[in-house]
Structure formats: C-alpha cells, structure tokens
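User: I have not looked at this structure before. Could you take me through some parts of it?

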Amino acid sequence: MVSRIQSFSKRRQHGWSPLSGIDWSELRAAYRTFLSNPAAGILHILAAGRRSQWQRWVENRLSQQADHLAYRTISVDLNALVQLPPDTLGGAYARHMLRYGFDPETFMTDEANREWLRQRTAISHDIYHIYTGFDASPIGEFGVAAYTLVQYRDLLNVFVLSFVPLSLTNPLWTVPLLRAVWRGFWMGVKGRAAIAYPPELNWDKPLAIVRQELGLGEFF
C-alpha cells in the first residue's frame, strides 16, 4: 500500500493527473441522460474518459492482468449458447441476455471494435452479472458496478455508483441497495481478476465451477 501511494505521489509530481484528458462536455451529457436512458449515459461516460490519463492507467493495469489473452476477442452467439444447459456459464448468460432483450454489443465503440481489451471490457459487463448473480434491475446494476469498480478502478463505475445516494431516497430500495453494493464490493475484493478469465473458453462449464475458479464460490 505504501509503495502504491509513493508511486501515485511521484506521478502527481511529474504532472500526472487522473482527470487530465477527460471530456467534460461528454461527462455532463452522461449525467443529463443516464436516468432517462442508461445505455446512452454509459456511452457518453465512455467517451468522456476515453482519452484520459485515468483510462490509460486502467487499461494498462487490466492489460497486464490479461496479457495471456492479448489480441483475442470474445465471440458471442446467443442462439448457440442458449442451447447449453441453464446451469452453465454460456447457458445462463444467453438466457439472461434473451430475457432482457440485451444486445451483447450495446457498449461497443469504434475503438472497442479495433482494440482487444476494450472489446473484452465492453462485452464483459453482462457476463459479470452471471459471475456475481446480480440481475438487471437497478439494484442489481449497482451491485455489478461495485464489483467492477473494485476490479477495474475506472471512471465508468465511479459514475454509475455516484447515483447511489439519489437512489437511497427511495425507501423501498434502501436496504437491498446497500446490501447489493456491499456484496458487490466484497466480491470484487475477494475475487480473482475477472478480466483475466476467458469466458469464451468456458461457456459450457458449470457456473458453480466458474465461480469457484474466480474466487467467488463462498458467496453462493
């Protein structure tokens, strides 16, 4: 921990700032649109951070964790995956996507189409729902955001979780929302690096085994 703080201090001394390069107009657009159109808000926040030093630091860190997967992308065929048993990773993922009418490429950008790491992170969001067991309700999304923030330490999930205080004003959400965020946080802390796990090689594996391999078995 001390070495990390010292490293951060040295970067600051040399002009390094995580906020450098953020597109503030895109950040404002993200906040304007997220509540009425979450997908559009996410695309705006991705654009806001795309050229920031923060994002470069995140991608460098994740690429080191997933260096054995370099230049490989995740191919998704929901029609094929839904034929797998529902208790497998691929079967559970396909049913999740089809149930909610989700498109695996919703968060794909031009950069994601060209760059293997951004493609993997764009596709992985809904796969993380399956790893963690959170559904696609707003509370479930906050749980996944907490898990992913600990794993990635990125602007996107800081942005999503910044809506937690507002959401807590709904008395029906208070307890389940806090539980989901707490659970997601500890899954991120105790779990292995999710970006380093290749779902495309494990679609037919029982979900219980996948969770054990990711260090999440104790949560189920």
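User: Where is Tyr71 found?
Analyst: Tyr71 is found in the loop between helix H4 (53-65) and helix H5 (78-81). Helices here are DSSP runs of H or I with at least four residues, numbered from the N terminus. This is a predicted model, in which local features need pLDDT of at least 70, side-chain atom pairs count only at pLDDT 80 or more, and totals for chains, interfaces and linings use all residues. Residues are numbered from 1 along each chain as its sequence is written, and side-chain values use heavy atoms, with hydrogens and water left out.

User: Is Tyr71 buried or exposed?
Analyst: Tyr71 is exposed, with a relative accessible area of 72%. Buried means under 20% relative accessible area, exposed over 50%, and partly exposed in between, with a 1.4 Å probe and protein chains only. The phi of Tyr71 is near 70°, a positive value in a residue other than glycine.

User: And what about the phi of Arg153?
Analyst: Arg153 is not a glycine, yet its phi is positive, about 60°. Arg153 lies in the loop between helix H9 (138-152) and helix H10 (155-161), and at 33% relative accessibility it counts as partly exposed.

User: New topic: at what angle do H2 and H3 pack?
Analyst: Helix H2 (residues 24-33) and helix H3 (residues 38-49) pack at an angle of about 165°, with their axes 8 Å apart. The axes are lines fitted to C-alpha atoms over the stretch in contact, and angles run from 0 to 180 degrees between N-to-C directions. H2 and H3 are therefore roughly antiparallel to each other, a term for angles over 145 degrees.

User: Which residues make that contact?
Analyst: From H2, the contact is made by Glu26, Leu27, Ala29, Ala30 and Thr33. H3 contributes Pro38, Ala40, Gly41, His44, Ile45, Ala47 and Ala48. Contact means heavy atoms within 4.5 Å.

User: Now H6: which of its residues are buried?
Analyst: The buried residues of H6 are Leu89, Gly90, Gly91, Ala92, Tyr93, Ala94, His96 and Met97. They pack against H5, helix H8 (116-132) and helix H13 (207-213).

User: What follows H6?
Analyst: H6 is followed by Gly101, whose phi is positive, near 70°.

User: Last one: where is Arg51?
Analyst: Arg51 is in the loop between H3 and H4, and at 57% relative accessibility it counts as exposed. The C-alpha atoms of Arg51 and Val210 are separated by 34 Å, and these residues are 159 residues apart along the chain.

Methods
Helices (H or I, at least four residues) and strands (E, at least two) are DSSP runs, numbered from the N terminus. Angles under 35 degrees count as roughly parallel, over 145 as roughly antiparallel, 65 to 115 as roughly perpendicular and the rest as oblique.
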